[in-house]
Amino acid sequence: MALIFYRAEGQTPNIIPQNKDGLTVVTTWVAYEKTVQADSNNRMVPVQQYVTPLLSDIQYATNKNFTKTVLYTQPLLLVRLPVARALRKVQQQLAPYGLSILFYDAYRPYAVTKKMWEIVPDERYAANPAKGSGHNRGIAVDITLADLKTGKPVAMPTPFDNFTEKAHHNYQQSDSAVLANRLLLKNTMEQNGFTALSTEWWHYQYKKSSTAFAILDLPFYLFK
Ligand SMILES: [Zn+2]
């Protein structure tokens, strides 16, 4: 089904055509703005306007990531408006523990998902562009917990983008403090409307039914 995103009285509906995989991909700023006019929840907002302090370690902007390639230029942490509001609640809930969210990734342009797939065409490690990813829709984040004062990440079972069973939520062979950190992150995110992914302790998606938000293929600099 093509996504009908704007239909004012007496106007012909504007329809974003589907790509060869049947995905609705927003590729122009004009089309994106129309989705926002139709529903303000579609607005992409900088996380830094909602989460204070904003701690981040954007490894895709360096070559220190699983593709060993610089994937982002001019990176900006962006999510849809309701996702940003939920993240603000998470951050407020973590403060009494002396903790903060630390972001590895948020919105990822669809072109980057395609590039990742060219480098690593394996669904265990990268999202298949034929399906798209919650990151392309502006509703997924890759995060950990960090000390609110020092900004230093807390101990977790693995580093970010470790694709072994040690990164699974059901992996129990870490010490109890590490497991408690992973559980605190999961519980706090779930209480605020996010869904965990069983194989990646760092990945959270806002609400399970995600296709309400179109895939975006817009570069970061357009949002600056
Ligand atoms: Zn992710």
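**Confidence in the model**

What pLDDT does the protein average, and how many residues score at least 70? The average is 91, and 92% of the residues score at least 70. pLDDT is the predictor's confidence in each residue, from 0 to 100. This is a predicted model, in which local features need pLDDT of at least 70 and side-chain atom pairs count only at pLDDT 80 or more, while totals for chains, interfaces and linings use all residues. Residues are numbered from 1 along each chain as its sequence is written, and side-chain values use heavy atoms, with hydrogens and water left out.

Over residues 4-13, pLDDT stays under 50. Where pLDDT is low, the predicted coordinates should not be read in detail.

An unreviewed UniProt entry places the feature "binding site" at His135, Asp142 and His203. Such annotations may be inferred rather than shown by experiment. These residues span 69 residues in sequence, yet no two of their C-alpha atoms are more than 9.7 Å apart, so they gather at one spot.

**His135 and Asp142**

His135 lies in the loop between α3 (110-119) and β8 (140-147). Asp142 sits in strand β8 itself. Helices (H or I, at least four residues) and strands (E, at least two) are DSSP runs, numbered from the N terminus.

Buried means under 20% relative accessible area, exposed over 50%, and partly exposed in between (1.4 Å probe, protein chains only). A polar contact of 3.2 Å links their side chains. Such a contact is a pair of N or O atoms within 3.5 Å; within protein, one must be able to donate a hydrogen and the other to accept it, and residues adjacent in sequence count only if both atoms are side-chain atoms.

**Asp105**

Asp105 belongs to strand β7 (residues 99-105). Asp105 is buried because its relative accessibility is 1%. Its side chain makes a polar contact of 2.8 Å with that of Tyr72. Beyond four places in sequence, Asp105 touches several residues, among them His135 and Asp142. Contact means heavy atoms within 4.5 Å.
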